[in-house]
Amino acid sequence: MDDLKRKAHAVLKKFYGYDSFHPMQFEVIEHVMNGGDAVVLMPTGGGKSMCYQIPALLQPGCTIVVSPLLALMKDQVDALVANGIPAAAINSQQSESQNREIIDNVFCGNIKLLYISPERLIADMDQWSQDLRVSLIAIDEAHCISHWGHDFRPEYSQLGLVKERFRDVPVLALTATADRLTRLDIREQLNIKDAKLFIKSFDRPNISLNVVSGVTGRQKLRRIVKFIEAHPGQSGIVYCLRRDDTEKMAQNLRSLGINAQSFHAGMATSAKLKVQRDFINDDVQVICATIAFGMGIDKSNVRWIIHSNMPKNIESYYQEIGRSGRDGMPADALMFYSFGDVKTLMNFATSSGQAMVNIEKLNRMQQYAEATVCRRRMLLSYFNERYDHDCGNCDVCNNPPERFDGTTLCQMALSAIVRANQKVGFKLLIDILRGSRKSEVLAGGYDKIKTYGVGHDLTNSMWNAYLLQMLQLGLIYIAYEDEDHLKVTDYGSEVLYGKRQVMLSRFYYDNYQNKPAKKRQLVIDSQGEVDMELLEKLKLTRKAIAKARGMAPYMVFSDKVLTIMAQEKPITKAQFGTLYGVAEAKTNQYWLQFTAVIKEHLAKTKGR
Ligand code: ADP
Ligand code: ZN
């Protein structure tokens, strides 16, 4: 091993407790330490921060980290300080005298990593570029500089000046979201045209992908509750389409004994901050939120994400599920998908500024929801990434759809549509097929048509799912211009008149719940069984320490570290110190408390 590699590994172990680098981390470290500029694209949880933190620790001087979100800045600094790394942040939330003091410390060489907002760096850099020894400038969330990206921030637009002022300092741009155009634009805008690109696969193999279609209303709520009960004590987010849905959902869950709160952009800032804090501190288990939630938080132990409605495009979906499993431990994504979602989203898309693009994106999202091939393959191909095998961690891989001859079933529905003069929508059609006595059915005289009630032995959810498949296969379409009535296509007519056969995928009411993904190994790089009882005790200890120190539990130790601890059960300081993810500073601070709990547990369970 060459010298740099050895030193980098030593620092990784001492300050973070890790034994090896993730793919691409060391390559980036080596490149910037040799003075090169770089653009790094890695998915959330890929370990971007290490790419600048290790060079900061290995080199003289200070590394400047530009970050757009105050909350994230604070989290990162807290986490570094907890690991014994001298880091600080300058921002507008601190008093000017506090900021002054930090800057003095930076100039004295006491700070290795300085986090700063872009506007502040621009304001101060003329002076700094002359007097301060800067080892590296890292620009986090670098896509914010590009108009092509989805999150352009004007305060980023002047960062191109940085390279001019700090001529000899390498610039490292990092992002988790960049398509091809944004990527090129980042280099252009930051004035680092020769920067080397480092692109890591965007796959998040630890997140299991699941979709349930056709389930609505109370049934959906029941399914969500069942899901949460199957994840006891685990943090998760339920994404809803509208603000009042988040409130209703949280209320419903609370009334069933689940510790849930709502979060949306219409709430007062103080209320939002409180909900966010409580979630980060594991005081609230479930957040029911609109997409506004999750941007500014770095909680690594979010274990599951539910989309109670289909999101509007694959980019949003991927970003939202990506907020789970950042610690690399298994996480579950579950999405509900119904005709109602498509209808609502289609209305949004059609009335939006960029109707064509948005409708196309919605169509791709719908295709994903209806996939009968490995969902991960679909996702990664959407992001133009090569992935040539089935993942084994999605519902399609685990329960390949069973195909059956659905011609008769389709004919029932098609015939009902035709006999109702193609003047009925999804809901009413299902009522007719199932022989409902609802006033809408009777008022329209639909109880008199020949196909009334022919489909009574199929549930509402089944009809929903099969009609969705018929839509997807092109047997019917929705006339959005005609009150969303269902119309039969030419292909549909051929099926109705017996000229064509149709294969459908069998609908299982409890596809997801009854056949969950295969039992996955909890931890990959450790031996032995996880003692679940001990794990619970360790979590309580973590929480007590976090409370006492005013920090988030996941910052004391991640779920992964605790899980390994519950496997390996260290009882001495030396054993504790060699655990995965346990850095030197944390060994000194916490070994006594945790090993005491382990010893007591072992004594109690001996001979059981
Ligand atoms: P990103 O910024 O790309 O989302 P982070 O830098 O926050 O990712 O890292 C995600 C998690 O992975 C953190 O908990 C971090 O400590 C951990 N991590 C990073 N590098 C390694 C490594 N080489 N070995 C083990 N864990 C790592
Ligand atoms: Zn798969």
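## Surroundings of ligand 1

In this predicted model, 15 residues surround ligand 1, with a heavy atom within 4 Å of it. The closest are Tyr18, Gly45, Lys48, Ser49 and Arg326.

A backbone N or O atom of Gly45 lies 2.6 Å from an oxygen atom of ligand 1. A polar backbone atom of Ser20 is 2.8 Å from a nitrogen atom of the ligand. An N or O atom in the side chain of Tyr580 is 3.4 Å from a nitrogen atom of ligand 1.

## Basis of the values

The model is predicted, so local features need pLDDT of at least 70 and side-chain atom pairs count only at pLDDT 80 or more, while totals for chains, interfaces and linings use all residues. Residues are numbered from 1 along each chain as its sequence is written, chains are lettered from A and ligands numbered from 1 in the order in which they are written, and side-chain values use heavy atoms, without hydrogens and water.

Two packed helices are described by the angle between their axes and the distance between the axes. Helices are DSSP runs (H or I, at least four residues), numbered from the N terminus. Axes are lines fitted to C-alpha atoms over the stretch in contact, and angles run from 0 to 180 degrees between N-to-C directions.

Helix H1 (residues 3-16) packs against helix H3 (residues 49-58) at an angle of about 105 degrees, and their axes are 10 Å apart. H1 and H3 are therefore roughly perpendicular (65 to 115 degrees). Contact means heavy atoms within 4.5 Å. Among the residues of H1 that meet H3 are Leu4, Val11 and Phe15, and among their partners in H3 are Met50, Ile54 and Leu57.

## Helices H5 and H6

Helix H5 (residues 96-107) and helix H6 (residues 118-131) pack at about 30 degrees, with axes 13 Å apart. That angle makes H5 roughly parallel to H6 (under 35 degrees). The contact is made by Glu96, Asn99, Ile103 and Phe107 of H5 and by Arg120, Asp124, Gln127, Trp128 and Asp131 of H6.

## Helices H18 and H20

The axes of helix H18 (residues 426-433) and helix H20 (residues 460-473) come within 10 Å and cross at roughly 125 degrees. In H18, Phe426, Leu429, Ile430 and Leu433 take part in the contact, and their partners in H20 include Trp463, Leu467 and Leu471.

Conventions
Helices (H or I, at least four residues) and strands (E, at least two) are DSSP runs, numbered from the N terminus. A polar contact is a pair of N or O atoms within 3.5 Å; within protein, one must be able to donate a hydrogen and the other to accept it, and residues adjacent in sequence count only if both atoms are side-chain atoms. Angles under 35 degrees count as roughly parallel, over 145 as roughly antiparallel, 65 to 115 as roughly perpendicular and the rest as oblique.
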